[in-house]
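Let's take a walk along a protein chain and stop at a few spots worth a look. Have the sequence and the 3D view ready.

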Amino acid sequence: MRCGIVLPFFDAPDVASCAELAEECGWDGVFLAEAVWGVDAWVALTAAAMRTSSVRLGTMLTPLARFKPWDVASKVATLDRLSGGRVQLSVGLGALHPGWTAFERETSRTERALLLDEGLAVYDGLMHGQPFSFSGQRYEVLETDFFPPPPPVQRPRVPVWVVGAHGRPVSMRRAVSWDGLLPNVIADDGARGPSSPEELAAVVAEARELRTSLGLPWDGYDVIAEGMATDVREWADAGATWWIESDWETTVDAVRDRITAGPPSGS
């Protein structure tokens with residue numbers, strides 16, 4: 001199992017220095033939140049790419065329903081080429097919060113799901129290159145020969161991890177159709193990540209059955225567990241292929257200390 005760490009809303013210089021330290025200390029990935037307004041995640045990850053050579057760089061996560069998919073595809077593919085194929089995109093509907101609604105009107109879950117599905121289709125098509133066209137309910141894309149970019153290093157696309165909610169077939173089917181699962185469990189207080197390896201194992205069982213039913217291979221498919229732990233062996237046994245260390249209330253100095261301590265045992 002590989003291990004990454006979240007750098008929550010850090011500015012670009014801190015992202016670059018923390019990513020360099022993470023690579024030196026044996027971490028496999030560095031991940032940032034992507035806000036509607038704030039520090040630009042892709043600029044910060046570009047700064048990290050210039051200071052590293054092997055650590056993977058990605059978002060946790062990109063609310064694709066709030067961004068134009070061609071803008072996302074442009075940034076992701078450009079950074080993938082710059083970094084030599086080290087980019088990871090994570091997407092979901094995104095939870096509504098004041099950081100969004102201060103700038104945009106609130107939209108329904110159904111509308112965000114439609115934008116996410118169409119956004120993923122456009123992203124994937126553009127990653128494959130021209131000619132590409134798309135006609136959906138929200139997006140219309142025509143073939144174009146106007147300065148098409150080179151392809152990303154990772155083929156057929158920069159991989160995508162997608163949020164999937166346990167027990168919600170549409171959400172889970174979307175997630176298993178892509179490259180990795182960001183598992184959610186629906187609780188009384190809303191959606192959250194699995195709180196135990198046992199909860200994760202139940203989500204993995206559902207995902208594996210669904211992915212197999214679609215005729216897609218399980219080998220090579222990622223399952224991401226997230227939280228704080230000193231030993232992650234049980235999470236790996238439950239089916240996680242990535243452990244993402246995340247403390248969203250932390251400071252830069254605290255994260256540097258955690259990075260220096262190295263990935264948790266069992267990874």
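## A stop in a helix

Start with Asp 117, which sits in helix 5, the stretch covering residues 109-128. Keep in mind that you're looking at a predicted model. Is Asp 117 buried, exposed or something in between? Its relative accessible area is 35%, so it counts as partly exposed, because that label covers values between 20% and 50%.

Along the sequence, Asp 117 and Val 185 are 68 residues apart. In space, their C-alpha atoms are 20 Å apart.

## Two cis peptide bonds

Next, check the backbone. Met 60 and Leu 61 are joined by a cis peptide bond, with omega at about 0°. You'll find Leu 61 in the loop that runs between strand 3 (56-59) and strand 4 (62-63).

Where does Pro 156 lie? Look in the loop between strand 7 (140-141) and strand 8 (160-165). The peptide bond leading from Arg 155 to Pro 156 is cis too, and here omega is near 5°.

Phe 9 isn't a glycine, yet its phi is positive, at about 55°. With a relative accessible area of 54%, Phe 9 is exposed.

Phe 147 also has a positive phi without being a glycine, this time about 45°. This residue belongs to the loop between strand 7 and strand 8. Phe 147 has a relative accessibility of 72%, so it counts as exposed, because the cut-off for that is over 50%.

Notes
Residues are numbered from 1 along each chain as its sequence is written. This is a predicted model: local features need pLDDT of at least 70, side-chain atom pairs count only at pLDDT 80 or more; totals for chains, interfaces and linings use all residues. Side-chain values use heavy atoms; hydrogens and water are left out. Helices (H or I, at least four residues) and strands (E, at least two) are DSSP runs, numbered from the N terminus. Buried means under 20% relative accessible area, exposed over 50%, partly exposed in between (1.4 Å probe, protein chains only).
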